[in-house]
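Please examine the structure shown below together with its sequence. The explanation is intended to be read with both in view.

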Amino acid sequence: MSAALMLRRQHLRISAEMHVPSESFGGVSPERRAARSLQSFFTFVAARIVLSQLEGIGRSDLGSYNAAASTTLRRFLLDEPMRDPADWLARLMQENEMLGARILEVRAAYAVEDFEWDNLKRLAIEGLEADNTALLRQHATKHFTVMMDKAGSEERLPSTQHYSNLEPWPSAMPPTAYFLFASDHRAAAKAELEAQAGAKSGVAQVAKLIGAKWSALSDEEKEVYKQRAQQLKEAAAAEVAAEQQQQQQQCPDGEAAAEGLQAAGGGAAPPPFGVPTGLVKKIMLVDDEVQRMSADAVRAIAKATELFVQQLAVRALQHAQAAKRKNFKAPDVAHLAGRDRVGHLAATMTQRMQRHRNRKAASGRNRRRQQRQARDTSQPSLTPPDLSRSAHQIHECNCVAQRISQSMSLAAGRMLRRQMCLLPAAALRHRPVPLPAARSISASAAQQVAPETSSSEAGDKQGKPATARRQRVLSGVQPTGSLHLGNYLGAIRNWVKLQEEYDTFFCVVDLHAITMPHEPRALLDATRSSAALYIACGIDPAKASIFVQSHVPAHTELAWLLSCITPIGWLRKMIQFKEKSKKAGAEEVGTGLLTYPVLMASDILLYQTDLVPVGEDQRQHLELARDVAERTNYLPRRWAASTRACSSARVMSLQDGTSKMSKSAESDLSRINLLDPTDAIVQKVKRAKTDAFEGLEWDNPERPEARNLLTIYQCVTGLSREEVLADVGGMRWGDFKPRLADALVAHLQPIQQRYAEVMRDEGALDAILAQGADAAAVEAYATLDNISLGRGGMTLRLRDLIKQVRQCKTAAEERNVVAKEGAALRQAFKEQDGTYRHRNVAKLMYIHMLGYPTHFGQMETLKLIASNGYPDKRVGYLGLMILLDERQEVLMLVTNSLKNDLNSRNQYTVGLALCALGNICSAEMARDLGPEVERLLVSPNPYLRKKAALCASRVLRKCPEMLDSFLEKAPRLLDDRSHSVLLAGATLMLDICAQEPAAAGYYRSHVPVLCRILRSLIMAGFAPDYDVGGINDPFLQVSLLRLLRVLGHGNAEASDAMSDVLAQVATNTDSARNPGNAILYECVQTIMAVESIGGLRVLAVNILGRFLANKDNNIRYVALNTLSRVVGVDAAAVQRHRATIVECVKDADISIRRRALELVYALVSEGNIRTLAQELLDYLRLCDPEFKPDLANKVCQLVQRYAPDKRWYIDSLLQVLVQAGAYVRDDACRALLLVVVNAAQLHGYAVRAAYRALSAGLDSAQPSLLLVATWCLGEYGELLVGPGSAQLLEGEAPLQVGQADVVGMLEAVLQLPNATVPVREYALTALAKLVPRLPASSERAKQLVAAYRHSSQVEVQTRSVEYSRLFAYPAIEPQVLEHIPPVEETAYDATLEPSEAAAAAGAAAASSASAAADLAALLGLDAGMAAAAPPQPVAAGKPAFGAAAPSGVDALADLLAGGDLLGGPAAGQPAPAPYSAAAAAALAPAAAADPLADLFGPPAPVAAPAAASQGATITAFAKGPLTVTFQLAKQPGSPSQTDIVATYSNSGGASLEGFTLQAAVPKAMQLRLEPATATAVPAYSSGGVSQRLHVTNSLHGQKALVMRLRISYSLGGQQVLEQAEVTTFPPGY
Amino acid sequence: MIRFVLLLSRQGKVRLAKWYTTISQKERAKITKEVATVVLARPAKLCNFVDWKDQKIVYKRYASLYFIAGVDQEDNELLTLEIIHEFVEVLDKYFGNVCELDLIFNFHKAYFILDELLLAGELQETSKKAVSRCIEAQDQLVEQVKAGSVTETEFASFSGPRG
């Protein structure tokens, strides 16, 4: 157990617990030691409990009084000391066993159940803490009492009397490190401090400094000090000893207290000045009493330290001066110290703390320290009384320092708090604070200043600028050099006027001045003197804020923010930078010179300045400021946009009339400083540069100097130009100059006097500057606070977004950028800030263009549109058109805005609205806004008329019922003079005609007007505005031609009216360039479309011929395009260009090829088919794959249509199949087979051709070729090997094939890897067919067939099984497998259509759609062939089939479709059609997957649907000679589908020609019509013509079938149109 | 009428897309993609017209940009080419020797110009100078409003050159 316990203990010690040394507890753990004590305690308690029980006290119910036992126990307790409880109990038990046992029992019970362990812990801890507090308090009291006494005060703090009563420093006494401790006990403390110097770093520093000072002293001095120190030390030691003695006498328990101190302080009692702040704080936290005491202590320490450090600073300064350290600017420091007024500090600090605005306060380390101490002092709660009290203390402290300073050298004394401000910049940042006692220049100013301050503070507290404000002016002059006349006349004098109208801020831009090398002291002086000059020149501090730039730190703060977004390239472009950096040398120039325009921008933007009166040379910087503000989006646009420069008189150098008067010019003679004394002014004027001209004049460019001096004169005298000229114009230089000098002196003297006054009272000037800085700071910080950097408000500009996207290298990067921007945009939209909405929407458009979703911003476009400003509207409408389309419901919201804008007085706003309406309007909008468009159509403004006309086109398209309103207005546009309105009018008329063809008739009367316009266009000379490539407005011409085409179509009169002008256009238009060709193209189309005379047409066709011969592909394309339209009208004309067109089929350009092919197709006839087809076939081999489908099908169609003989037909189609089999449609293949079947004499030829085709390229053969070829091999394979094989046709190559080869070929087909299921089926069928005909290879064929019994392809497997089964019945085999008989082509065509359709219908029902379709394709052939087969005896089982299916043809289609075809065209034959067993074998699996054996059993189940589907017959229509009967049938399993066979009977004597039946059903039904069997119903016929209809009723059972019929036919040349409704469908349909 | 105008870069990136018929956004993206594959694949020497579905595409390449217009079957292709060219010339005049970058960074301006040239899929202005004048006047108006030299009341009665 103990081992485990030890382990745990060790573990605990290591991990977290406090290390407790165990050796002091007798080698065991303290807890064990305590437990042992507790054991004794428990035993003792138990004994006492038992004793009291035995005595019966309080427990009368439990035990009676047992005197004997109690006596024994009491005695035992008294006699036997309980050192070890175990031992004690053992002895008790020896004496009284029962008692011992009882105690054991009680002891256990008490320890486990009754003892309050938690209470013990709490009590112990409480006790400990109470002791601790008491000890600490004791210690602190004693300690600080001692210290206070040592500090030289008889009174205890917080009395402040002590400091003010401090005796003045004896001026005679030499400064010494010990000066602080004037009285002896102070000296003692100091000595002790020195003793401790090594231990505390702060003190060490002190000691070091003192050491440095010490070493600087002379030997005699040192000796004096040493002696004095010795004396002090001895005295102190004696005193301390006496004190200790006294203390020990005073408190008897001193030793214990000393111990307590030792525990708390961790060593000997700390010396008075060595108390570390940390410890003091710790003590302070303990309780209130200590807090109060230690607060006093800290103040005392602070005070002492203050004095001490100040003294050290003086030493440091002296030391530095002696050492002349390079970077130490003594004058700066001295100057600053001079400005710094004692007592400011306390007031400032109180103010600042009350404001809670610690904006990097310009303060030395000393001040900060005091602040901290003051804060420490007032802990834990900071209350104003505390603050003011501490401030007051510090103020007093300053008073002390002041008195010290008086007794020292002036510079050093003023340096007091400035020892850290050694850098000029830091020095500059300090700004004076108004003294309560400060006097101002004028009484009025002083009165004005005070309320301003309070109001600014009020604004500051609210944290926002006043809402309504005057426009603002900001200006400033650098304090480099002294201000001169140029500054005065150009700027400052101007400001005096401005201060009346504006809120003005005039600053001395000292931060700008330090960008160039400068002398700090001179700079500071210049700053003050500049400010003083401002005032002297007439700027009223009561009206304007005059301040020093560096006193408002916000300038540099904003400058940094702005510099982060200013491209360095912009700054490098600044002319001033270029010039100055060139002057200074590129390497030496400071960064400030480069970034100084940014600082200027921040000056301007900080005060939301509206007007910046600066000179021309600063214009570029102003532009930069504007650009910078544009780049930020945290500055409202307005500020930058409205910032502009203004400047008044420009005063030039006296030495050079072309360059401006400059402070930096080398020669002082070039300028007149405002502070120049009178004789200097006279001297400078006298020496000013002049010229040799007579008299004086203003505007002679050769006399800039004259102009300059006159300007100066004018300015200082205040006369007008004319007056000046009248006054001095006639003078010579010699006369004028003294006069000018006098005027100048007269003007400047008052200024100089005022300046002197201002400078005399420094305090007042400081006060003014401080007030100005305060006022400026309020504004500046309001702006800075507005900057939303922290709120993430910085979004990109559009340009930057585009740049970012363009820099993306991968799509993922781009997505990231867009996603980020999208999020920012959403945020911006959420915030509802309108300032950058236009930019955001533009970004949205960009993102949209990249293909990302932008729906979230749609509402923003609407907001932009609803805004008032044109720029916003412009972007808004663009966004609307790009981001939205008419389907979006949001669009409805814009209707009202559109209406407003359509009524705007600004034409461009109306234009925007019209444009938007024209591009995206919906039907509703068209209806709502149509009237507005109609109104604008007759607007006096052509800009709006043209837009309205085009807009009307769109409105019409969306809302045709508006037609009437536009119909009449459109032609009025043709009277316009403006081309664009004419064009729009023509376009509108065209649209109206397209919408309502009848309108063409209405517009025909305008043909002469159109012709006149067109003619004037052709005849007019060069029109620069409308000329395109030498043609006068081709756009309008084309539009007019097109309108003429529409109007002239089908109307001879109109066509005649326009024929002249058409001829003119056709002959006069220059076809050298594209615009001319465009017109000719349109003209030709018009000529061909209208009823023009022959001559004109010839002209047109000739133009086309020229086009066709053109080398330009575009022209050839349009020529072909036109020809294909013309070919229907005038084929002969096109025929002439046949060769060219055929060449075009082979063009490299697919657009041209397609057009040409269409033309060729149109041009082919029986006469030219051989040559044309051969050309096409040759080309088919070469052309690129994308063109093959077109070409192949076209060739097939041509061959089918125009084939001169069947052999050529077979050859050509096989060739197509070989070249482009994949693209040939199935019906072409079927047609080919039909031809082969029917041409008995070509069977052999066909099979040979097929065999050749297969053997030539079996591997590359397409399925269609394989199908055709295998079919041929199967049908006529024996002709390849039999005697027939020798009968070659003319020109045919001989072919040697054996029976095995034929079967081998089929085997190869079967095994082709790319053979499709139908191909395999065909091959198997072919093999089966060849079995009886090729006896030599029949076994092989059978094996091959049987080999596919296990094919994974179901259909192939089925085929294999069926045929294998068939071979088992040799009796029927020959009949089943005999040749297909010839088929009648028309009958084939007729049956092909329905069976195909039926197959399609069946596909939907069949479980395996593709299989059924394939089968249908296969059976389609067989069906057609079977239908025409002559009656033949059929083997056993035939009657069953015959009964089930009256017609072979129908049965096939029927079974496939699962529907009923009874009464169809073939059903008319009453006799049961012969039935091919092969067909039956093929169809059986499709209907029912029974084994073949079932076929020969009792009537097969396949017959059932046919029988069941015999449905009702109704008469749908009977009128006149025509009767239509419907035979209805339902498919089993799909009750919703009804198949109808409509039969047409004609009871009249004349046939009904051109018969068509159209039918319509309600929406819930679907109708499919098949073509009728004939288009004419012969006379006296009944059921001769029929048509199939298939209706699917999706609401079967709910809604009965209803049908509306529309029947048209011509009876005896007269058109008859009938309509009827069929509602007599029997129930269930 | 012109059904859409597309400006595509050689890489098929959309620089401008304007649709004059009602086509859903999804469909627009699909058409853009398909048209891009058709047009960008065509060698330079072929004619500028392609039959595409139920419409014709008329396109012309200017430097690295394809200007593409989808027009109705019966439209005059040669004239459409001329419209495209007019658009290019106005752009060229506006930007001063226009290049693709101009259009990338000022796509909205290209749209503004197009809107002055075409409306509802039809040509609205046959004079290049007139288009330039209108755009210039509108730009000026924007500048003036921004600079605040045209106040709201002045703005309302503002009227630029007519026609």
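In chain A the mean pLDDT is 71, and 68% of the residues reach at least 70. Where pLDDT is low, predicted coordinates should not be read in detail.

Chain A comprises 1629 residues, of which 51% count as buried. Its secondary structure consists of 73 helices and 15 strands. Among the contacts in chain A with a separation of 6 or more, 70% are made between residues 24 or more positions apart. The accessible surface of the chain amounts to about 75,200 Å², and carbon and sulfur atoms contribute 54% of that area.

The largest nonpolar core contains 292 residues. The residues with the most contacts inside this core come from chains A and B: A:Leu880, A:Ile992, A:Ile1141, B:Phe67 and B:Ile68. Beyond its neighbours within four places in sequence, A:Leu880 contacts A:Thr861, A:Leu862, A:Ile865, A:Leu891, A:Val894, A:Ala916 and A:Ile920.

A single residue of helix H2 may be considered next. This helix spans residues 30–55 of chain A and contains A:Ser40. Why is A:Ser40 classed as buried? The relative accessible area of A:Ser40 is 18%, and A:Ser40 is counted as buried because the cut-off lies at under 20%. When residues up to four places away in sequence are set aside, A:Ser40 touches A:Met82, A:Arg83 and A:Pro85.

Finally, chain A holds an open sheet of 3 strands in the order S11-S14-S15, paired antiparallel. Strands S11 (1552–1560) and S15 (1614–1622) of chain A each have a single partner strand, so one side of each lacks a neighbour in the sheet. From one strand to the next, the twist averages 15 degrees. Strands of a sheet pair through backbone hydrogen bonds. Strand S14 (residues 1603–1611) of chain A is joined to S15(A) by 9 bridges, the two running antiparallel. Within this region, A:Leu1605 has A:Ala1620 of S15(A) as its bridge partner.

Technical notes
Residues numbered from 1 in each chain as written. Chains lettered and ligands numbered in written order. Predicted model: local features only at pLDDT ≥ 70, side-chain atom pairs only at ≥ 80, totals over all residues. Heavy atoms only, no water. Core = buried A, V, L, I, M, F, W, Y, C linked by side-chain atoms within 4.5 Å. Buried < 20%, exposed > 50% of the residue type's maximum accessible area, 1.4 Å probe, protein only. Contact = heavy atoms within 4.5 Å. pLDDT = per-residue confidence, 0-100. Helix = DSSP H or I, 4+ residues; strand = E, 2+ residues; numbered from the N terminus. Pairing = 2+ DSSP bridges. Axes fitted to C-alpha atoms, helices over the stretch in contact; angles between N-to-C directions. Areas by Shrake-Rupley, 256 points an atom, 1.4 Å probe, with all protein chains shown as cover.
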